[in-house]
Amino acid sequence: MDKKSLILVLGDQLTFDKGALRGADPALDIILMAEVAAEARYVRHNRHKLVFIFSAMRHFRDELRKRGFTVCYFAYELGLNALSDAVEQALRQHSVSRVRCCEPGEHRLLAEMEQWAFPVPLELVEDDRFLASHADFQHWAHGRKQLRMEYFYRDMRRRFGLLLDLTGKPEGGKWNYDAQNRSGWREQETIPQRHPPAHDRITREVMALVRAEFVSNPGDLDRFYLGVTADQAQEQLTWFLRHGLGRFGMYQDALAEESPWLFHSLISMYLNVGLLDPLAVCQQVEKAWREGHCELSAAEGFIRQVLGWREYVRGLYWLTAPEY
């Protein structure tokens, strides 16, 4: 970057070298992160979500500092109400030529940010942590009478070369194996035991904060089970590849009284805040299938959730927001 920037990193944008952090210079740029009441309270978030995001943000802050960045961080305890308040305070503390931020994932926040007025320009960067850009989805949707996810998904498989044979055709001769992924739960399988990551000092402090400040919110924090760093997120994915993926497809639509998640991966939150990369996740699932650790139907069903549904719903949201 040729300009000194104040880079605002939102709580669901915790990825190095992407979004607003792409090309960031530790010797030049200032990173801003803030836990503010407006974002924490605009709905009654589950307390697990609050602990997860606040703790993940604080761990990401520390990693940024290890990489040499100056990080201006406003913890929730400081009492800031809005992100714009945090930007204004940071601008009073640091001399920069612009504020740079990756676009938010909600139209609500984007509309708010478009009304911001600071002494320096605000630059919004497109979120490249997703595999289909806004332009990609608009191009795919243009002229179609029906925006069917299945056809979008097939195009994404071709584009990223996932589960294709040497001729470019779908492995196994079919694009979709959903018909094989509808088994009901008959208590015929042993459910693998999950071991949650250990909670360090930062996470324990955040848990105490959320217990005190969000008394009426749902969520039993005695059962908090989420990782809060990229390494912990990868550990959870690796556990799933070894112990859950083999039965994921078969029981992905099943319900069981004795288990809230059966063989599911529990990684959506890591994808959504940037601790895992969607393409890398799909590639690891494909590799597991090619090495014989699961059926093709399981790998295809999982990749369809990430490469198909996740990207499709996001594309449709921004194509039609806010009307849809």
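I take helices (H or I, at least four residues) and strands (E, at least two) as DSSP runs, numbered from the N terminus. The model is predicted: local features need pLDDT of at least 70, side-chain atom pairs count only at pLDDT 80 or more, and totals for chains, interfaces and linings use all residues. Residues are numbered from 1 along each chain as its sequence is written, and side-chain values use heavy atoms, with hydrogens and water left out.

**Salt bridges**

I counted a salt bridge where a side-chain nitrogen of Lys or Arg lies within 4 Å of a carboxyl oxygen of Asp or Glu; the count comes to 25.

In helix H7 (residues 201-213), I looked up Glu 205 and Arg 201, which are four residues apart and so separated by about one helical turn. Their closest N and O atoms are 3.1 Å apart, in a salt bridge.

For burial I used relative accessible area: buried is under 20%, exposed over 50%, partly exposed in between (1.4 Å probe, protein chains only). Glu 205 is partly exposed at 39%, and Arg 201 is partly exposed at 49%.

In helix H6, I found Arg 154 and Glu 150 four residues apart, joined by a salt bridge (3.0 Å, N to O). Arg 154 is partly exposed at 25%, whereas Glu 150 is buried at 13%.

I also noted a network of salt bridges linking Glu 35, Arg 58 and Glu 77.

**Helix H11**

I recorded Pro 278, Leu 279 and Trp 289 among the buried residues of H11. After H11 comes Gly 292, with a positive phi near 85°.
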